[in-house]
Amino acid sequence: MDKPPVIAVAGLRKFFPIRRGLLNRRVGDVRAVDGVSFSIAGGETLGLVGESGCGKSTVGRAVLRLIEPSAGTIAINGKDITTASKQEMRALRRQMQIVFQDPFSSLNPRIKAGDIVGEPLKVHGVGRRDEREARVAQLFERVGLRAAQMNNYPHQFSGGQRQRVSIARALALDPGFIVADEPVSALDVSIQAQVINLLMDLQRERGLSYLFISHNLAVVEHIAHRVAVMYLGRIVEYADKVALFAKPLHPYTEALLAAVPLPDPALKRVKHRVEGDVPSPIDPPSGCHFHPRCPYAEARCRSEAPVLRDVGAGRLVACHLR
Amino acid sequence: MAPVLEVSGLNTVFHTRRGLVRAVQDVSFSVEAGETLAIVGESGCGKTITALSLMRLIPQPPGEIVSGSVKVDGTDLLRLDDRTMRQMRGGKIAMIFQEPMTALNPLMTVGKQIAEMVMLHDGLPKAAAKNRAVEMLQMVRIPEPARRAKEYPHQMSGGMRQRAMIAMALACKPKVLVADEPTTALDVTIQAQILDLIGDLQREFGTAVLLITHDLGVVAETAQRVVVMYAGRKVEEGSVSDLFARPLHPYLRGLLGSIPRLGSARGLALSPDERLREIPGMVPALSDLPPGCAFAPRCAQADAKCHAQIPPFEAKQANHFAACWQA
Amino acid sequence: MSDIGYYARRYPLGVAGAIIMTLFVLAAIFAGVVAPLDPFTTNAKASLAGPSGVYWMGADMMGRDVLSRLIHGARVSLAVALGATMIGSGVGAAVGLACGYVGGWFDLLVQRVTEIMQALPLLVMALVITASLGPSLRNTIIAIAIPLIPTVARVIRSNVLSLRELPFVEAARATGMSEWRVAIVHVLPNTLAPLIVLATAQLGSTILTEASLSFLGLGVPEPYPSWGRMLSESAAEYVRTAPWLVIYPGLAISLIVFGSNLMGDALRDALDPRQRD
């Protein structure tokens with residue numbers, strides 16, 4: 001890709017302090033995100049996958065500075081936003097938006113859908129009242145809702161429709177970059193396809209860049225161009241979608257793919273399962289975080305953390321053995 | 001072989017402010033020993049209400065099981081008095097839930113909860129029941145079972161809790177296990193472990209498993225037979241291979257077409273510009289069902305008859321049933 | 001007009017509560033017109049007269065008409081109840097919102113102060129405040145309002161803390177809204193339901209506190225009639241000989257507390273758009 005990245009993240013860290021006792025002393029950290037770097041080009045989707053507690057949602061929020069990163073730099077269209085003041089940040093928010101997982105709690109129950117979608121326009125003083133209304137009506141039609149539904153409250157919509165309202169709100173300011181945090185996970189199977197298609201159509205139309213966060217590997221394989229796999233706060237594999245799904249290199253990616261149940265009973269797969277639970281990010285295992293569950297682990301994996309290194313064709317893997 | 005669980009003509013309704021809601025309409029199926037039958041469908045299709053009806057755990061009111069029978073080893077659960085039903089629950093038919101945290105008592109150690117079950121149903125003395133609890137925890141592959149038995153549910157991870165709940169459900173060797181979305185709240189790698197575990201224990205005990213799920217992948221990997229439900233009714237039933245290879249009902253065909261599949265490794269993946277096939281519209285509200293086939297408003301093949309009359313559930317091929325005028 | 005019919009069918013109890021409250025409010029506003037007699041005129045001949053055509057609810061020791069005194073007393077009770085509840089809830093909500101938003105040492109400090117305040121019973125605190133400020137209508141209102149603040153502040157604070165984490169608040173922040181506007185537009189309205197329930201529940205208890213203060217001689221001073229003082233003056237001495245002196249003020253207090261609670265419950269439901277369909 002020759003175009004400059006819409007978003008470039010380098011060395012992103014987010015530690016949540018654990019405080020105990022009367023004096024709220026800091027006794028340790030939850031290393032939710034521990035040195036994550038990636039970039040997304042215009043019109044590209046980066047899929048960020050991993051299991052619960054791996055830090056993928058924290059990355060999504062830290063990238064938008066909805067939570068303050070502990071370290072690292074984030075550049076949107078070449079401009080470093082990590083040093084932007086609160087004031088500057090508010091203006092910069094026009095360029096980046098977010099769509100959440102839960103279609104119920106992501107809309108204020110007391111505000112009409114039309115006002116929810118129009119709110120970003122109002123905040124940034126875009127147009128006059130009637131112009132804003134026309135724009136909201138347009139957005140409603142675009143995401144597959146009727147303009148007449150602008151007067152409805154969120155509870156009058158189904159889960160899929162609410163997610164459309166959320167998407168319309170995210171599009172209102174015409175941002176170039178959208179974080180989609182598990183946008184279809186809470187939806188019924190037959191509705192998921194509608195929302196995925198909508199997101200992909202919008203991307204083609206407007207050249208949007210997505211950071212698509214999901215635990216559903218099949219959805220990510222469908223929507224993403226490149227994929228980053230996270231485990232306990234670190235990216236363990238970062239590759240082109242086709243390459244990654246065709247031949248995962250990191251043992252964790254391999255285990256993840258092997259664990260997904262496939263809707264094809266004729267397929268008889270060799271089952272190789274990883275044992276054990278995901279360890280706590282408060283006290284992650286030494287060396288490679290995955291070594292206690294890894295079937296191939298050697299002595300080196302227990303002591304030395306592998307770095308994410310290029311194994312050719314822009315593919316990155318953090319594993320001593322690959 | 002005679003089926004262990006035989007459900008016929010089950011009808012469950014809810015009396016709500018908006019009127020009568022028919023959550024389960026005329027549902028029948030049977031499960032043999034050692035077999036897994038999956039009920040699939042989306043939220044509001046009646047699959048969970050069916051499971052709760054079997055256990056007689058429907059809150060009454062507003063719910064009511066209007067008619068039908070649920071036979072476990074020939075005994076109709078719907079005709080039992082409450083006392084005998086309590087004996088059956090956990091003893092002959094057990095259930096595991098999506099969120100084990102809500103199903104386990106937070107104030108009692110896991111070992112004690114299992115021991116209580118065993119004392120209640122098998123009449124074992126306390127010491128023997130405790131040993132049995134540890135044995136069960138070991139059987140569900142919880143490491144250090146003796147220590148874990150002394151832990152409270154909140155001290156365990158989600159996967160561990162689900163194992164503990166399975167241990168409790170199977171402690172009295174029930175004939176039937178009803179598993180309602182047992183892995184939906186879990187991560188994929190843990191889901192795979194739990195599904196393997198249920199399968200292994202089922203083979204060992206010969207338990208009949210009724211698996212309630214929305215995940216077609218889980219169905220394909222674990223079930224032998226499948227019932228597809230839509231808006232409170234069965235719309236298709238057959239062996240897992242028939243259903244996935246030759247889906248008859250447009251709803252199932254739509255569902256199978258709409259899910260993205262993991263397939264780069266198999267050369268199956270769609271090209272990046274290819275759209276998923278959508279099922280238009282949304283699931284109708286149970287309080288406001290169309291007069292004919294409930295799926296007709298979303299169905300591309302629907303004609304006048306579909307909109308007017310409810311299609312009968314009948315055999316379309318050998319051992320493959322569907323409720324569709326067009327199939 | 002169809003709206004009234006709609007609410008009457010939807011919330012019959014709430015409408016009943018509203019009617020009770022309206023009657024009291026009207027009685028208080030038009031006390032001079034409605035009251036059959038002057039509440040301050042004494043009449044030695046009518047001392048402790050029972051209910052009759054002239055004195056519908058009887059007369060007190062000094063021969064003053066009980067009904068007229070009750071009607072005029074509604075002014076005091078309502079002024080104290082509404083004033084104290086509004087001041088207490090308003091300040092409490094502001095403090096709670098600030099705590100939930102600012103956090104840090106400010107929150108810590110306010111939390112400790114409210115805990116100390118809550119350790120004292122409402123009445124005891126009101127007693128201390130009136131005793132130091134001196135009895136007057138204004139001071140009674142202040143004395144009852146201040147102890148309400150910690151309860152309201154704590155409820156609003158915990159509500160704000162949970163609301164702040166909700167995705168729709170995060171989404172508002174993501175659009176570039178200022179924290180201040182997020183608080184006013186998204187957080188505050190969603191704390192309205194618990195605030196209203198709390199306020200109406202306290203409307204009742206403020207009336208009771210006022211009555212108690214007056215009962216103890218620290219409330220609104222003579223000659224203004226106060227339900228609490230009417231009760232206190234007569235309870236011990238005349239409960240057997242002239243029970244109307246106890247029954248009617250007691251009934252008035254019970255009725256207004258009952259009415260405000262009914263109205264509060266219905267208001268909470270009616271204000272929630274999820275309940276409308």
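## Strand pairing around β7 of chain A

β7(A) pairs in the parallel sense with strand β8 (residues 209-214) of chain A, over five bridges; pairing takes at least two DSSP bridges between two strands. Within β8(A), A:Tyr210 is the bridge partner of A:Ile178. This is a predicted model, where local features need pLDDT of at least 70, side-chain atom pairs count only at pLDDT 80 or more, and totals for chains, interfaces and linings use all residues. Residues are numbered from 1 along each chain as its sequence is written, while chains are lettered from A and ligands numbered from 1 in the order in which they are written.

Strand β6 (residues 96-99) of chain A also runs parallel to β7(A), joined by four bridges. Here A:Met96 sits opposite A:Phe177 of β7(A). Strands are DSSP runs of E with at least two residues, helices are runs of H or I with at least four, and both are numbered from the N terminus.

## A buried strand and its crossover

How much of β7 (residues 177-181) of chain A is buried? Five of its five residues are, so the strand is largely enclosed by the rest of the structure. Buried means 20 or more other C-beta atoms within 10 Å of the residue's own, exposed means 12 or fewer, and partly exposed is in between, with C-beta atoms placed from the backbone. A:Phe177, A:Val179 and A:Asp181 point one way, and A:Ile178 and A:Ala180 the other.

From β7(A), helix α6 (residues 189-206) of chain A and β8(A) complete a right-handed β-α-β unit: with the strands pointing away from the viewer, the path from the first strand over the helix to the second runs clockwise.
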